[in-house]
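Me: I would like to learn how to read this model. Please take me through it step by step.

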Amino acid sequence: MSGSVLFDAPGPRSKRLYAAVGVASIVALFLALWFVIDRFNEKGQLTAAKWKPFLTGEIWTAYLLPGLAGTLTAAAISVVLAMIVGVLLGVGRLSAAVWIRWPCSVIVEFFRAVPVLLMMLFTFALYAHYEVFPPEQYALAAVVTALTLYNGAVVAELVRSGVFSLPKGQREAALAIGLTGGKTMRLVLLPQAITAMLPAIVGQLVVILKDTALGYIITYEELLRKAEQIGNFKVNLLPALIVVGAIFVIVNYLLGLLANRVETMMRRRGRSAGGPLTADPIDQTGGAGLTGVTTGADDTSDTGS
Amino acid sequence: MDVISEFFSEYDGLAAFRTTIYLTLLSAVLALLIGTVVAVMRVSPVRVLQLIGTAYVNIVRNTPLTLVIVFCNLGLFLQLGVSLANKDSNTFINDNNFRLAVLGLSVYHASFVAEAIRSGVNTVPLGQAEAARAIGLPFLKTLRYVVLPQAFRGAITPLGNVLIALTKNSTVASVIGVTEASAVMKVMIENRPDVLFVVFGIFAIGFVILTLPVGMLFTSMSKRLAVKR
């Protein structure tokens, strides 16, 4: 906690002041909550009829669980594909051959700069126009494609910064025992870089999971779409949105905890020569790309949408 | 290429990108304000404020932006009757949707701004805060005169990342009917599916043009404004 250096250990006067501020903010918080609840009540959002459906099995088996399954399916396929695309692009960007490095760099920078939603709308129209998939799969395919391309580009940057974070000696030692450039990458650098990346990858999962909600816009059957359907069915849109929001927050919060666990575990084990890359999107320091700013699991992108 | 001239004349693509820029700038200012307040709460000596700040960041950061924006329209406006524009104005629906989108975007990105500033606070050396306390500055003055000015300069890179993300995320505003770039692209694609690659290319390049200079500006700023230590 950086806060501790910002103030002295409180004396009697400061203690009273802090207590007063604390009480005042609790009061303010309750006033705000009361205002919100009053507003809900006034608009008839607190009636049992609006909230009771969530206690019945029907809403869960017919709407929420299928919605969650849709969200998780899209996220799971995307993360696997994004890993593959990301490692290929990341290694491509580190290649010694200009004709591999250059296109990979352009692809990575392009997909990092274009909004995920734009790609989703485009791929959705593309699949529908050229009938690439069976019609009922267009939305899922578009969500997965867009998320794969964007997150693949992000993972590529993670791979690159992971390799850069390794001590120089790793590469030199590998070359010294006679490994070729490709083997050095495949057998020595990449395994360590991927291990170091693991927390950041788990952190990226949160971004992917949140971004699947963009599928709502192209009619993909995920949690948010299901919330709307519940709202139409039971006339309780607001409670439905709140419940779905809570599900997102809980799942993502648990994933965030997992990312931290993985990070501490790896720091303790210390198998990689480089330190683990942080899972915190903001603290991430990566290679400077075309956009120049450091990259990382910034879902902020998106995000993080 | 007739599509390109259609982009400028028939669909007024430039106006769409202007809306994107307005959305981004307004939300950026608001998000910076909210985010700074939340960051200060998180490093403050009052436990309750710390908890409120942490709860805000953890809840908002883990909610999808699409849900936040949809909630602003369907929840705040339609269900709870919160409107942010003059009801008698004949541009009421557009104004209200735009402002609700700004609200959603700023509330969402404020959590990332708060994290960026907190990481900036971490770059300030211990001695700075200790010196400020030693000359008798209380908490708020320590922050205002010593720590925050340095923290902002240390947080330029992550703040730039948030701004770039915000530019891209402003496309989500189309879900509640704000006619920004992605909404116009959707209409163009629906009308001209035969040239959808060109249409996508135009809008993608538009976003590259918007985000690229911002990235370069923030990189040069982070070097120029770095605190010499």
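Reply: Start with the record. For chain A, an unreviewed UniProt entry gives "transmembrane region" at residues 17-37, 63-89, 110-128, 140-159, 193-218 and 238-259. UniProt positions follow the numbering used here, feature names are shortened, and annotations may be inferred rather than shown by experiment. This is a predicted model: local features need pLDDT of at least 70, side-chain atom pairs count only at pLDDT 80 or more, and totals for chains, interfaces and linings use all residues. Residues are numbered from 1 along each chain as its sequence is written, and chains are lettered from A and ligands numbered from 1 in the order in which they are written.

Me: How much helix and strand do residues 17-37 of chain A hold?

Reply: Helices (H or I, at least four residues) and strands (E, at least two) are DSSP runs, numbered from the N terminus. Residues 17-37 of chain A are 100% helix and 0% strand, with end C-alpha atoms 30 Å apart. Residues 238-259 of chain A are also 100% helix and 0% strand; their end C-alpha atoms lie 31 Å apart.

Me: Which residues of chain B carry the annotation "transmembrane region"?

Reply: The unreviewed UniProt entry lists 20-44, 65-85 and 195-219 of chain B. Residues 20-44 of chain B are 96% helix and 0% strand, 35 Å between end C-alpha atoms. For residues 65-85 of chain B, the values are 71% helix, 0% strand and 22 Å.
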